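I opened this notebook to record what I looked up in one model. The entries follow in the order in which I made them.

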Amino acid sequence: MLLIIHNIKNSRMGVIMKIFEVEISLPMQNESSNTKSFETGDINQIQAAFYNINWRRIFLTQIQLQNTETSFAVVDTETQQYLHIQLNTQSTKADPVFQIDSNIQLVIENKEFLGFITRKKKYDVVYKNLNQNQVSEQLGLFLNGQIESMTDQYKQLVHKKMLQEQRLV
């Protein structure tokens, strides 16, 4: 009942806004982790939750504590697409570094054997070694339903990687 009322409140001219499930897991000094979950259709609330985390402090805390994980997960309840953002403690950089896992799929065609054969390969949108601004951009695209922009950016990244691999061979 509450969810239906929430959708009616957040609808604009009969269009129901998306509802997201958010789960934030942060390490704590005195506990193994602190997990917070909520459901909302307010994109600004989700982005504020991401920005309000002191990632640098969490990064240092996570290095000190072993067997802890820091993550920020968002699931679109309608499509079941998700972004799972994790803090990478294995990074040697001074600033926090993130990785993004998702179930957002795309198909990329690769021409092989001098262009005579075309193969299609499925990819999930997965990023490693992103800074906080890059993660914020991907989160914003996801929350605003701009999945096509996300997959286009990822296609460009995969294409660049393929070109680099061909140069090395």
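I take a nonpolar core to be a set of buried Ala, Val, Leu, Ile, Met, Phe, Trp, Tyr and Cys residues joined through side-chain atoms within 4.5 Å. Buried means under 20% relative accessible area, exposed over 50%, and partly exposed in between (1.4 Å probe, protein chains only).

**Basis.** I note that this is a predicted model, in which local features need pLDDT of at least 70, side-chain atom pairs count only at pLDDT 80 or more, and totals for chains, interfaces and linings use all residues. Residues are numbered from 1 along each chain as its sequence is written, and side-chain values use heavy atoms, with hydrogens and water left out.

**Confidence.** I read pLDDT as the predictor's confidence in each residue, from 0 to 100. The protein chain has a mean pLDDT of 81, with 79% of its residues at 70 or more. Helices (H or I, at least four residues) and strands (E, at least two) are DSSP runs, numbered from the N terminus. Confidence is highest in strand β3 (residues 71-76), at a mean of 96, and lowest in helix α1 (residues 2-9), at 37. Over residues 1-15 the pLDDT is below 50, and this stretch has 11 contacts (heavy atoms within 4.5 Å) beyond near neighbours in sequence. Where pLDDT is low, the predicted coordinates should not be read in detail.

**Core.** I found 37 residues in the largest nonpolar core; F72, V74 and F142 have the most contacts inside it. Leaving aside neighbours within four places in sequence, F72 is in contact with residues including I46, A49, F50 and L139.

**Helix α2.** In α2 (residues 43-51), I43, I46, A49 and F50 are buried. They lie on the same side of α2, because they cover an arc of only 125° around the axis, taken from the directions from the helix axis to the C-beta atoms. At its start, a side-chain oxygen of D42 is within 3.1 Å of the backbone nitrogen of N44.

**T40.** I looked next at T40, in strand β2 (residues 34-40). T40 has a relative accessible area of 3% and is therefore buried. A polar atom of its side chain lies 3.0 Å from the backbone nitrogen of D42.

**Helix α4.** The buried residues of α4 include V135, L139 and F142. N131 caps the N-terminal end of α4, with a side-chain oxygen 3.0 Å from the backbone nitrogen of N133. After α4 comes G145, with a positive phi near 75°.

**S149.** I placed S149 in helix α5 (residues 147-168). S149 has 32% relative accessibility and so counts as partly exposed.

Note on methods: A polar contact is a pair of N or O atoms within 3.5 Å; within protein, one must be able to donate a hydrogen and the other to accept it, and residues adjacent in sequence count only if both atoms are side-chain atoms.
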